[in-house]
Amino acid sequence: MSTPAAPGTPPPPPYPPSPPRTDPPRWAWWVGGIAIPLVGILVTVVFGGNDSGPAAAPAPDTADRVTRPASPSASGTPSSKEPEPGPPAPSDEAPSASTSPEADLTAPDGYAQALSTMWGLAPVPCTQHEQQLVDLDDGTSRTEDENNGAVQEPGGAELLYWPDTCTGLGDYQLRALPNTRVGLLRADAPKSFDSCRAAAGTGFGALALSERTDREERGFVEGAALCSVTDKGTVSMAVIEHIAGGAVDDVSVSGPLHIWAAAP
């Protein structure tokens with residue numbers, strides 16, 4: 001409570017008026033707190049909505065087409081990154097005709113140009129009691145009654161193929177007939193007139209063709225040849241091109257026969 005002024009004392013000057021309030025009203029803070037985040041969201045939507053985002057990585061197929069070296073079929077040349085084909089894996093099979101030297105059929109003086117035909121060994125069941133005789137003058141063969149390897153009539157043949165024991169398993173044997181010149185030309189030897197004529201003088205004893213080990217040890221394999229100088233003076237080279245059969249089946253043989261006949 002204020003003290004009354006003494007009589008005669010002038011009244012105190014009035015208080016100056018309060019300055020006008022400049023602070024924003026409380027509701028403005030609420031409005032600003034809501035509006036500012038809304039404005040930020042709208043700016044993000046308006047200016048960021050057209051952004052397609054980070055570029056997608058190219059599809060694997062597209063990238064491959066860009067970086068992958070051209071294939072041999074497209075460029076005509078093999079890729080340097082592709083491994084070179086290695087040598088064929090070793091095999092325990094007998095040498096084939098494709099690995100033997102190619103035959104040189106040149107005829108020397110005194111002989112006609114070589115003629116080529118076929119020859120073969122074709123056994124029948126031993127119960128039929130047949131043996132085969134092969135004439136290397138022309139490759140023809142004939143059969144006669146089997147007689148334990150004895151020949152009734154050679155008729156100019158050089159080879160005899162006969163069943164030895166007739167036990168039901170493969171037991172045919174091959175040999176040169178007596179008084180003939182037949183020998184084996186090995187698979188890795190040159191196939192020519194001179195080499196064949198020389199091999200003909202080496203002889204060819206009985207060989208059980210059903211025994212693969214025996215065949216290979218003797219050199220009777222695909223790519224080798226039986227050579228003969230016949231009773232007519234012909235030099236014959238019977239190439240062993242194909243062998244079929246084995247221990248339980250009688251073996252068949254076939255191949256080309258090259259013939260150098262003596263000039264008349």
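**Strand pairing and aromatic contacts**

Strand β5 (residues 172-176) pairs with β7 in the antiparallel sense over two bridges. The model is predicted: local features need pLDDT of at least 70, side-chain atom pairs count only at pLDDT 80 or more, and totals for chains, interfaces and linings use all residues. Residues are numbered from 1 along each chain as its sequence is written, and side-chain values use heavy atoms, with hydrogens and water left out. Helices (H or I, at least four residues) and strands (E, at least two) are DSSP runs, numbered from the N terminus. Two strands pair if DSSP finds at least two bridges between them.

**Open sheet**

- Leu174 has Leu207 in β7 as its bridge partner.
- Five strands form an open sheet in the order β3-β2-β4-β5-β7, with antiparallel pairing.
- The edges are β3 (141-145) and β7; each has a single partner strand, so one side of each lacks a neighbour in the sheet.

**β6 and β8**

- β6 (residues 181-185) is mostly covered, with four of its five residues buried (under 20% relative accessible area; exposed is over 50%, partly exposed in between; 1.4 Å probe, protein chains only).
- Five bridges join β6 to strand β8 (residues 225-229) in the antiparallel sense.
- Val182 stands opposite Ser228 in β8.

**Aromatic pairs**

- The structure holds four aromatic pairs. Rings of Phe, Tyr and Trp (its six-membered ring) pair if their centres lie within 6.5 Å; planes under 30 degrees apart count as stacked, over 60 as edge-to-face and the rest as tilted.
- Phe193 and Trp260 pair edge-to-face, at 5.5 Å centre to centre and 85 degrees between the planes.
- Phe193 lies in helix α4 (residues 193-199) and Trp260 in strand β11 (residues 252-260), so this pair ties together parts 67 residues apart in sequence.
- Both Phe193 and Trp260 are buried.
- Phe204 and Phe220 form a tilted pair: 6.4 Å centre to centre, 35 degrees between the planes.
- Phe204 lies in the loop between α4 and β7 (207-208), and Phe220 in the loop between α5 (212-218) and β8, so the pair ties together parts 16 residues apart in sequence.
- Phe204 is buried at a relative accessible area of 7%; Phe220 is buried at 1%.
- Tyr111, Phe193 and Trp260 are linked into a cluster by ring pairs.

**Charges over rings**

- The charged end of Arg175 sits over the ring of Trp162, 5.5 Å from its centre (the criterion is NZ of Lys or CZ of Arg within 6 Å of the ring centre and within 35 degrees of the ring normal).
- Arg218 lies over the face of Phe204, 5.1 Å from the ring centre.
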